[in-house]
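Subject: Structure handover

Hello,

Here is the structure I promised you. Please open it first, then read my notes below.

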Amino acid sequence: MHIHPRHWGAMRTHVESHAPLEACGLLAGKNNTVEKVLPVRNQAQSPTRFLMDPAEQLAAFDWIEANDLELLAIYHSHPNGPETVSATDIEDASYPVVSIIWSGKNGAWQARGFRIEDGQATEVELRIISGE
Ligand SMILES: [Zn+2]
């Protein structure tokens with residue numbers, strides 16, 4: 001998956017600003033390239049769980065469709081956990097898209113991408129592309 005620096009930065013700013021609570025959102029785009037970051041409220045308001053606010057999630061899905069884009073990824077943060085999918089993340093995965101996990105554990109925020117299929121998580125390369 002290809003991500004522009006400005007989208008990478010927008011995701012990082014979003015998850016950073018909600019720490020120590022988990023934050024979540026969607027990435028939309030085309031041809032495996034992100035074109036839009038759509039933050040969604042974490043209804044769980046928890047440091048260890050996220051549950052997308054259903055109305056905001058639906059509004060984001062409508063926006064993606066209206067703009068002729070595809071849902072490419074769901075991102076969320078582990079403010080004090082690792083940048084890997086948890087057992088709960090695997091259980092809760094309900095869309096066949098990439099899961100991006102942001103970790104703030106080591107002070108500097110880092111993220112990795114995974115595809116979750118049949119209870120298994122496989123890492124997906126997140127490539128930051130140059131230019132705007
Ligand atoms: Zn998680």
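The second largest pocket is lined by 14 residues. Glu22, Thr48, Arg49, His78 and Ser86 lie nearest its centre. A pocket here is an open set of points on a 1 Å grid over the protein atoms alone, where a 1.4 Å probe fits, with protein on both sides within 12 Å along at least five of seven lines; lining residues have an atom within 4 Å of a point. Helix 3 gives the most to this lining, with three residues. Helices are DSSP runs of H or I, at least four residues, and strands are runs of E, at least two, numbered from the N terminus.

Some ground rules. This is a predicted model: local features need pLDDT of at least 70, side-chain atom pairs count only at pLDDT 80 or more, and totals for chains, interfaces and linings use all residues. Residues are numbered from 1 along each chain as its sequence is written, and side-chain values use heavy atoms, without hydrogens and water.

Now the metal. The zinc ion is coordinated by His76 (NE2), His78 (NE2) and two OD atoms of Asp89, at 2.0 to 2.3 Å. Donors are N, O and S atoms within 2.8 Å of the metal (3.2 Å for Na, K and Ca). His76 sits in strand 4 and Asp89 in helix 3, 13 residues apart. His76 is buried, at 3% relative accessible area. Asp89 is buried too, at 12%. Buried means under 20% (1.4 Å probe, protein chains only).

Last, the largest pocket. Phe50, Ile74, Asp92, Ala93 and Ser94 lie nearest its centre. Strand 4 and helix 3 each give two or more residues to its lining.

Best wishes

Methods. Buried means under 20% relative accessible area, exposed over 50%, partly exposed in between (1.4 Å probe, protein chains only).
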